[in-house]
Protein chains: 2
Amino acid sequence: MGVSKSESFSVAHNEMANLFKALSHPARVAIVEYLLSVDTCICGDIVEVLPLAQPTVSQHLKELKNANIIKGSIDGTAICYCINPDTIEIIEKYFGSINQQLKNKCC
Amino acid sequence: MGVSKSESFSVAHNEMANLFKALSHPARVAIVEYLLSVDTCICGDIVEVLPLAQPTVSQHLKELKNANIIKGSIDGTAICYCINPDTIEIIEKYFGSINQQLKNKCC
DNA sequence: TTATTATATTGCAATATTACGATAAATAAA
DNA sequence: TTTATTTATCGTAATATTGCAATATAATAA
């Protein structure tokens with residue numbers, strides 16, 4: 001019991017759920033919005049912006065990377081993070097499609 | 001410690017994270033897509049569609065309701081669930097705005 | 001080489017989530 | 001009233017997530 005039965009669901013449902021899970025923590029939402037707010041992708045100061053310790057921030061960045069929501073490229077000793085526009089577009093289109101389908105409904 | 005430091009983040013970041021958390025499980029994604037697939041909102045057969053026991057489905061429905069992603073209205077002994085278009089639109093616009101901001105960027 | 005700097009990993013404690021059997025609650029039908 | 005039917009809640013076990021100190025890794029600078 002208690003085990004997440006993700007294998008019982010379709011790959012598509014799991015993929016969407018994983019995208020949302022990556023954004024299901026305020027720290028990760030804050031990271032995405034911070035990456036949006038800075039001019040360039042070059043930014044190694046995310047730890048300074050968040051009220052969390054460096055290992056915790058590193059962990060959150062890893063989850064966003066694993067979900068393909070952000071990309072990181074090595075720049076000497078620092079790492080440059082930026083948002084992956086492809087993934088954002090996938091999510092936007094997903095909700096756009098839901099909205100479209102809702103327009104042909106009674107609710 | 002392990003306690004989620006959600007109070008350390010803005011209300012806006014928490015609100016968006018809570019929306020995504022509601023959709024961060026394949027069962028809840030499946031519920032949303034099932035509600036989209038049926039003609040009317042009148043549906044008391046969600047349990048039949050999912051590979052989960054009735055109390056588990058009830059719990060997932062509760063989380064979607066709490067996040068305002070679905071609405072439920074009592075119809076005799078059954079409950080009619082349907083998607084809340086307002087919340088879907090909030091999410092779509094959120095990603096639309098991110099996409100817009102990304103267009104003016106180097107990445 | 002030895003610092004220094006930036007990020008990642010490990011290990012662990014605290015908490016949250018997931019799942020379901022048992023049971024309760026509420027309404028409808030007999 | 002009694003009996004179905006439908007959904008919700010309780011209690012609990014299994015697992016996942018969150019957070020951070022300590023430490024490791026990797027690249028640069030001195």
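Biologist: Which residues does Arg28(B) touch, not counting residues up to four places away in sequence?

Modeller: The model is predicted: local features need pLDDT of at least 70, side-chain atom pairs count only at pLDDT 80 or more, and totals for chains, interfaces and linings use all residues. Residues are numbered from 1 along each chain as its sequence is written, chains are lettered from A and ligands numbered from 1 in the order in which they are written, and side-chain values use heavy atoms, without hydrogens and water. Arg28(B) sits in helix 2 (residues 26-37) of chain B. With contact meaning heavy atoms within 4.5 Å, Arg28(B) touches Lys21(B), Ala22(B), His60(B), Glu63(B) and Leu64(B).

Biologist: Is Arg28(B) buried or exposed?

Modeller: Buried means under 20% relative accessible area, exposed over 50%, partly exposed in between (1.4 Å probe, protein chains only). The relative accessible area of Arg28(B) is 6%, so the residue is buried.

Biologist: Which residue meets Arg28(A) in a salt bridge?

Modeller: A salt bridge is a side-chain nitrogen of Lys or Arg within 4 Å of a carboxyl oxygen of Asp or Glu. At 3.2 Å, N to O, the partner is Glu63(A).

Biologist: How many residue pairs are in polar contact between chain A and chain B?

Modeller: A polar contact is a pair of N or O atoms within 3.5 Å; within protein, one must be able to donate a hydrogen and the other to accept it, and residues adjacent in sequence count only if both atoms are side-chain atoms. With both residues at pLDDT 80 or more, the number of pairs is eight.

Biologist: Which element gives the largest share of the side of chain A that touches chain B?

Modeller: Helices (H or I, at least four residues) and strands (E, at least two) are DSSP runs, numbered from the N terminus. Helix 1, helix 2, strand 2 and helix 5 of chain A each give two or more residues. The largest share, 12 residues, comes from helix 5 of chain A.

Biologist: How much area do chain A and chain B bury between them?

Modeller: Buried area is the accessible area (1.4 Å probe) that two parts lose on being put together, summed over both. The contact takes 46 residues from chain A and 46 from chain B. Of the buried area, 72% is on carbon and sulfur atoms, and the total is about 4,100 Å².

Biologist: Which residues have the most contacts inside the largest nonpolar core?

Modeller: A nonpolar core is a set of buried Ala, Val, Leu, Ile, Met, Phe, Trp, Tyr and Cys residues joined through side-chain atoms within 4.5 Å. The largest one has 66 residues. Those with the most contacts inside it are Phe95(A) and Phe95(B).
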